[in-house]
Each structure stands twice: as C-alpha cells, then as structure tokens.
Amino acid sequence: MQISIEQLEKISQMLIRYGIRNISMEDIAKELGISKKTIYKWFPSKEIMIEKVIDSMISQVQSYKNCDEDVENNSENAIDVIFNVMAKIGEMISKINPIFFWELNKYYPVQAKKLNDFRKNHIREKYYTNLKRGIDEGIYRGNINIEIVSQILITGIMNFDETINEETLNNYSIKDILKEKYLFYLHAIVNDKGREYLQNKIKMLEL
C-alpha cells in the first residue's frame, strides 16, 4: 500500500500546526489509522518523511498556477494584486505554527534549503512581475530598481517569523502584521497617482 496524497497532506498539516519535534511517528500512525510498521515502511526515518512533505508542499504551490493567474487577471492593477496576495498569504500563514520553520531550518537543513530555494524563486518571479506591471501602469515609481526591490521583498517574506518578536505576535494577529508590512512596502514604491489609489483603497477596505 502506497501513501496517498490525502494522507501526506494530513501529515503536513500536523507538522505545520504542532511543529516537527512535537509530532512522533506514533502520533502520525494514530492520526492516519494505520500501524507504526506501515509508517516506517513508508518513511524509514523522519528525515525521509520531511523530504516527502516538502516535495508535497512544493507540488501544491505549483498546482496553484491557474489560481495565481486568476488573481493577476481579475485585479484592476498591480496594487490590487498585492492586496489580493496579502489576503491569501495571511490566510495561509495564520495556519502555520512559526516553530515549524524554525525546527525545519535547525534540524533538517537539507530539506529546509530545498523549500527555501523554491520559495525564493517563486516569490522573486511574482514580485518581479508585479513591479514591472505597476511601472507599466504608471502607479509605481518609474525609477525603481526591480532587482533590488524584489530582493528586499523576498528577504522580508522569507524572514517573516524572525523579524517579529514574541510580544508583537502575542498582541497582534499575523494578518495585521502582514498588512503593515505590505502597506509599508507599497507606500515606498508608489508614485503620486499610485498613492492616491492606494489611499482610496485603504479607506474603502477600512484598513
């Protein structure tokens, strides 16, 4: 019997919610309703299990291509794309225990590098496209160095859990923190026309 996509997704959700080291192979077997023997047949070690989980997470993101295109096509302009992405990422991150990424980087560096390299490339492509679109639409500053600004954005997203202290996390929701990060970024790159649109957008959404 081979592990199914649904079973692998359940394992991913357990690790994301509770952290890697808080979940044992026995916990996973119990959750899936199978024996420990079967689990170890699928995954001789936790490292192999993490590798499969990371592969599954990457495949899932890649499968969202049509969804990403819908966001691009159904957004009035580049600023709207950022707001839609902000909502989407906020929803995703709110389901992830920050300890998951900390443990992944500390105890499984090979698997962490695989995920982080994919995330960097994926995010770089998205922000590069958005910056170019905003400049072409005349709402972002025309003198933006797209390569540098894209890198700044990537760093901010990749190090999200490291740049926010525990007190802030206790006092504010992930969505609120993300909102401030993205608004800070947008105010830095819009021109006068874009700033007017952004301010009206904020008022409309009561942010």
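**Entry 1: ground rules**

For my own bookkeeping, buried means under 20% relative accessible area, exposed means over 50%, and partly exposed is what sits in between (1.4 Å probe, protein chains only). I also take helices (H or I, at least four residues) and strands (E, at least two) as DSSP runs, numbered from the N terminus. I'm looking at a predicted model, where local features need pLDDT of at least 70 and side-chain atom pairs count only at pLDDT 80 or more, while totals for chains, interfaces and linings use all residues. Residues are numbered from 1 along each chain as its sequence is written, and side-chain values use heavy atoms, with hydrogens and water left out.

**Entry 2: helix H2**

I started with H2, residues 25–32, and listed its buried residues: Met25, Ile28, Ala29 and Leu32. Looking down the H2 axis, I find them within an arc of 100°, so they line one face of the helix. That arc is taken over the directions from the helix axis to the C-beta atoms. What covers them? I get a cover that includes H1 (5–18), H3 (36–42) and H4. Just past the end of H2, I noted Gly33 with a positive phi of about 70°.

**Entry 3: the whole chain**

I then stepped back and counted 13 helices and zero strands. The C-alpha atoms fill a box of roughly 65 × 35 × 30 Å along the principal axes. Of the 207 residues, 40% come out as buried. I call it a contact when heavy atoms are within 4.5 Å. Among contacts with a separation of 6 or more, 69% come from residues 24 or more positions apart.

**Entry 4: H4 against H8**

How do H4 and H8 pack? I read an angle of about 10° between H4 (residues 46–62) and H8 (residues 109–136), with the axes 9 Å apart. The axes are lines fitted to C-alpha atoms, for helices over the stretch in contact, and angles run from 0 to 180 degrees between N-to-C directions. H4 and H8 are therefore roughly parallel, a label for angles under 35 degrees. On the H4 side I saw, among others, Ile50, Ile54, Met57, Ile58 and Val61, and the H8 side brings Gln111, Lys114, Leu115, Phe118 and His122. I sorted the residues of this contact into seven nonpolar, three polar and four charged. For that sorting, Ala, Val, Leu, Ile, Met, Phe, Trp, Tyr, Cys and Pro are nonpolar, Asp, Glu, Lys and Arg are charged, and the others, Gly among them, are polar.

**Entry 5: Val81 and Arg133**

Val81 is in H6 (residues 78–93) and is buried at 3% relative accessible area. Skipping residues up to four places away in sequence, I find Val81 touching Val71, Glu72, Ser75, Asn130 and Arg133. Gly134 is 53 residues from Val81 along the chain, and I get 9.8 Å between their C-alpha atoms.

Arg133 belongs to H8. Is Arg133 buried or exposed? It counts as buried, at 19% relative accessibility.

**Entry 6: Lys201**

I have it as buried, with a relative accessible area of 14%. Which residues does Lys201 contact, leaving aside neighbours within four places in sequence? I find Asp80 and Phe83. The Lys201 side chain makes a polar contact with the Asp80 side chain at 2.8 Å.

How values were computed. Parallel < 35°, antiparallel > 145°, perpendicular 65-115°, else oblique. Polar contact = N/O pair within 3.5 Å; in protein donor to acceptor, adjacent residues only side chain to side chain.
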